[in-house]
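Dear colleague,

Please find below the sequence and the structure for your review. A written account of the findings follows directly after them.

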Amino acid sequence: IIKFTGEQVEKILDKGFDSFITFDKIYDEMEAKHNIRNTPDVFNVVEAVRTLKSKLDLLTENEKIEAEKIIKALAVLKIQSKTNHNGATAEELGNHLLIFNKLMKSSDRIQLIIEKLRKVTDGQFLNKTDNGYYYLDLKNDVDYDVVIENKASNLREGIKDEQLLAIIYSEIFQSNNDFNSSGVERCFPDYCTWNDRKSYRIGSFIYDDGTAYVEKGEGDFNFVVVSPYKKVSKLYGNQNTAIIKIKYSDDLDDLLKKISATVLLETQDKYQKQVMTNKRREFTKKLRTILLDSFLNNEISFGSYTKEVKTILSSHPDNLFAYYTDIKANLFQDWFAEKYKDYPKFTHLLSGINIKSQLESLVKVISKNGISSNLQSTEKGYLRSLDIIDLSDNINTENSLYTSTILNILKDKTGQNVSIEDIKKVLSSDGFGLQTEIIYLLLVVLTSSSEITMKQRGGVEITATELEEVFK
């Protein structure tokens with residue numbers, strides 16, 4: 001001890017006041033001398049310290065220096081075996097290691113460093129008692145990074161695509177409650193805002209990983225994302241089908257392997273589920289950044305026609321949801337306008353989320369009271385957009401293309417019963433493209449104003465007050 005102290009004092013004789021000899025330096029002495037280092041009790045501690053030091057790059061530069069001192073101090077306490085759990089509290093370590101910080105107490109700084117260490121090492125070798133003693137726990141020797149690497153090297157075919165799809169789906173649809181990552185579905189129902197008409201169109205989001213389940217949807221648009229593991233899409237782009245391919249990179253592949261591995265390891269009782277969950281979240285966060293960059297610095301194709309993504313976007317998005325919402329709306333506006341030239345231009349927004357509640361509420365009001373001055377401005381806006389009421393808010397269907405079309409269908413089949421499905425078929429087809437809820441509203445208005453008569457099966461006439469039940 002005298003020799004050790006003398007040597008340490010000699011090293012700091014020429015240094016300033018804040019140079020101290022702290023007991024963590026005893027560890028350096030033990031590690032340097034092979035006859036001490038290779039004794040059974042010391043060797044295992046040295047190996048644990050080396051493992052912990054290999055993770056210090058995950059800390060800041062200042063934290064690294066202090067963390068190494070703390071690790072070595074805990075190693076000395078472990079070897080000495082003379083304290084509670086062969087460790088120390090943050091306050092005890094602060095008193096002996098003389099770690100100073102202008103912003104906080106020494107014990108608070110040490111506790112902060114140790115907890116960060118425990119986080120980046122997933123608790124490997126570093127443990128804590130209920131009463132706040134930190135100590136080296138050689139039994140807690142699982143290196144989760146190695147476990148994940150081993151699992152990632154032996155994955156079944158297709159799992160990386162499944163996890164990539166799950167992440168993209170949860171981002172662009174802001175939910176994963178109804179998504180089965182191991183399912184075969186690759187075409188998902190979606191809707192796109194039609195800004196020019198303050199409305200929307202139904203379509204599909206498609207993930208193309210080359211499987212047999214990749215197919216176009218039946219709606220007005222298809223947004224196809226091609227797997228980074230496929231060279232080209234199975235589908236052909238055109239006016240209503242946009243295709244973008246995720247760029248492959250080693251970083252992306254490595255993260256997908258690790259994410260897939262953690263998902264599998266989360267189900268195994270052998271390992272701490274929370275550690276694997278935290279690892280997966282960490283990897284997923286990094287992957288989101290790579291994905292957004294790939295989607296932004298890319299091209300979208302429409303058959304033989306391609307366009308730079310950044311020339312399509314209205315603004316620079318900071319997440320995949322904002323990206324997807326923006327690019328869809330800009331990609332398909334012209335196609336919607338070409339296909340549905342006679343679609344109304346609404347004054348108030350209709351979306352896939354609110355159309356049912358908004359128009360059902362309006363149907364309910366008209367069924368009970370007819371079209372009156374008691375209607376709210378939003379409700380009047382919908383009716384005016386369909387040319388059903390005039391500027392004085394009085395019912396007037398003469399100038400409405402949509403009610404006129406219904407009346408002409410009935411006129412052509414005078415004396416015959418015309419089904420609602422026949423009317424829906426005309427008004428929902430190319431040219432009009434009206435949603436079912438809008439068509440029902442038109443029929444309610446015409447019935448309420450006595451311009452048409454509706455009957456149930458069997459010939460019983462439907463009164464205005466019964467309309468609400470008919471169109472629920």
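Strand β4 (residues 199-208) is largely enclosed by the rest of the structure, because nine of its 10 residues are buried. Buried here stands for a relative accessible area under 20%, exposed for over 50%, and partly exposed for values in between, with a 1.4 Å probe and protein chains only. Strands (E, at least two residues) and helices (H or I, at least four) are DSSP runs, numbered from the N terminus.

Two notes on the basis of this account are in order. The model is predicted, so local features need pLDDT of at least 70 and side-chain atom pairs count only at pLDDT 80 or more, while totals for chains, interfaces and linings use all residues. Residues are numbered from 1 along each chain as its sequence is written, and side-chain values use heavy atoms, with hydrogens and water left out.

Strand pairing

Two strands are taken as paired if DSSP finds at least two bridges between them. Strand β4 has such a partner in strand β3 (residues 187-194): the two run antiparallel and are joined by eight bridges. Within this pairing, Phe 205 of β4 stands opposite Phe 188. Four residues lie between the strands in the hairpin of β3 and β4, where Lys 198 takes a positive phi near 50°. Strand β4 also pairs with strand β5 (residues 222-226), in the parallel sense and over five bridges. There, Asp 208 has Val 226 in β5 as its bridge partner.

A further antiparallel pair consists of strands β7 (residues 299-302) and β8 (residues 305-308), joined by four bridges. Ser 301 has Thr 306 in β8 as its bridge partner. The hairpin of β7 and β8 has two residues between the strands, and Gly 303 takes a positive phi near 75° in it.

Cysteines

Cys 187 counts as buried at 17% relative accessibility, and Cys 192 is buried at 0%. With a disulfide defined as a pair of cysteine sulfur atoms within 2.5 Å, the count of disulfides is zero.

Salt bridges

Side chains of opposite charge can pair when their charged atoms come close. A salt bridge is counted where a side-chain nitrogen of Lys or Arg lies within 4 Å of a carboxyl oxygen of Asp or Glu. This rule gives 31 salt bridges.

One of them is formed by Lys 55 and Asp 145, whose closest N and O atoms are 3.5 Å apart. This pair links distant parts of the chain, 90 residues apart: Lys 55 is in the loop between α4 (40-53) and α5 (61-80), and Asp 145 is in helix α8 (residues 144-152). Lys 55 is buried, at a relative accessible area of 9%, whereas Asp 145 is partly exposed, at 25%.

Another salt bridge brings together the side chains of Glu 115 and Lys 128, at 3.8 Å from N to O. This pair also links distant parts of the chain, with Glu 115 in helix α7 (residues 106-120) and Lys 128 in strand β1 (residues 126-128), 13 residues apart. Lys 128 is partly exposed, with 31% relative accessibility, and Glu 115 is partly exposed, with a relative accessible area of 30%.

Lys 356 counts as partly exposed at 46% relative accessibility, and Glu 360 is partly exposed at a relative accessible area of 34%.

Asp 253

Helix α10 (residues 250-265) contains Asp 253, which counts as buried at 9% relative accessibility. Contact means heavy atoms within 4.5 Å. Apart from neighbours within four places in sequence, Asp 253 is in contact with Lys 160, Tyr 229 and Tyr 248.

The chain as a whole

The protein chain has 19 helices and eight strands. Of its 472 residues, 46% count as buried. Among contacts between residues at least 6 apart in sequence, 54% join residues at least 24 apart. The accessible surface comes to about 25300 Å², with 47% of it belonging to carbon and sulfur atoms. Accessible areas come from the Shrake-Rupley method with a 1.4 Å probe, and for residues only the protein chains shown count as cover.

With kind regards
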